[in-house]
Amino acid sequence: MSNLNNLLDQVKSPEPSDLLKARILQQAKAQRADKTVSESGSVRAANDNHWKRWGGLAVLVIILGAVGINTLSPVQTNETEVWAETAQTMGYEYLYAWVEGDAVESNEAGAEIEVGNL
Amino acid sequence: MAKADPDNDLLPGLREGEESALAHLMDRHLKTITAIGYYMLGDASLAEDVAQTTFLKFWQQAPKWEPGQATLLTWMRRVATNDCLDRLRKKGPIYSDRVPDQADETETALEELEKNDTVDAVRRALSGLPDAQRAAITLSYYQHLSQKEGAAILGQSVKAYESLLSRARKNLKAALSPWVERETV
């Protein structure tokens, strides 16, 4: 055996303390108890179901989808603007009369009225 | 063919979470694992912390443990060594100057003083080694592992491990030259 080995031999590791084993066992027991509690905590109640958890979110998604489709729709009809344009072209009095029925008669008599996109 | 793990008999109990199985495992290996911590860190209290971490880590892993690849003791040695290397990386060398009591009633006071002086010098020489070299000395010299086993624990090739060990011995000889020469004379 070399001199170096003789020297290294002189350093001896002390025995583990008597309390160490008890300490580790205590910690192990606590870990096992924690695990059992966390496992039992994650069990779902029998009357629980996915619709209860996700129902609200599903409704919200449906509403947002409907609003989005409506917003992105290519046909945009603004009725007020059409009426205003027609009134400008025909004059408000004539338009009023036409709506009330007089103009219908004159239309039947041969007058051609353009009412745009009505 | 792989050697059967001598701790296989404890595995069913450990998987089931039986504390008596853990107690048996500690009866077999607590001293060995604590010694890794002591030679690596130079402090008995920190060595016990390393042992506690190692055994509790295995306790957590036990239900998933598959025998065959490494023996349980090899796995624990690897965990303990890595834990020590992590602690050294974070805090630096922590060898204390306290000389352990090694009282022997047959020795004279002068012999005891000389012996303590030598022990202290060896401890300081060990603490002066780079972490990986200290790990190699711990595994090969103090744990009596083969170079192949030591290399596997440190995740190195056998050749790299041999080189590490050779450098460690060279550094120790240099640090302990007065004592080495005194013994030679």
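In this predicted model, K31(B) and E15(A) form a salt bridge (a side-chain nitrogen of Lys or Arg within 4 Å of a carboxyl oxygen of Asp or Glu), with the closest N and O atoms 2.7 Å apart. The pair crosses between chains: E15(A) lies in the loop between α1 and α2 of chain A, and K31(B) in helix α2 (residues 19-41) of chain B. Helices are DSSP runs of H or I with at least four residues, numbered from the N terminus.

Eleven residue pairs, both members at pLDDT 80 or more, are in polar contact between chain A and chain B. A polar contact is a pair of N or O atoms within 3.5 Å; within protein, one must be able to donate a hydrogen and the other to accept it, and residues adjacent in sequence count only if both atoms are side-chain atoms. On the side of chain A that touches chain B, the elements giving two or more residues are α1 (3-9) and α2 (18-41) of chain A. The most comes from α2(A), with eleven residues. The residues of this side divide into ten nonpolar (Ala, Val, Leu, Ile, Met, Phe, Trp, Tyr, Cys and Pro), nine polar and eight charged (Asp, Glu, Lys and Arg).

The contact (heavy atoms within 4.5 Å) takes 27 residues from chain A and 41 residues from chain B. About 3200 Å² is buried between the two chains, 61% of it on carbon and sulfur atoms; buried area is the accessible area (1.4 Å probe) lost on putting two parts together, summed over both.

Residues are numbered from 1 along each chain as its sequence is written, and chains are lettered from A in the order in which they are written. Local features need pLDDT of at least 70, side-chain atom pairs count only at pLDDT 80 or more, and totals for chains, interfaces and linings use all residues, while side-chain values use heavy atoms, without hydrogens and water.
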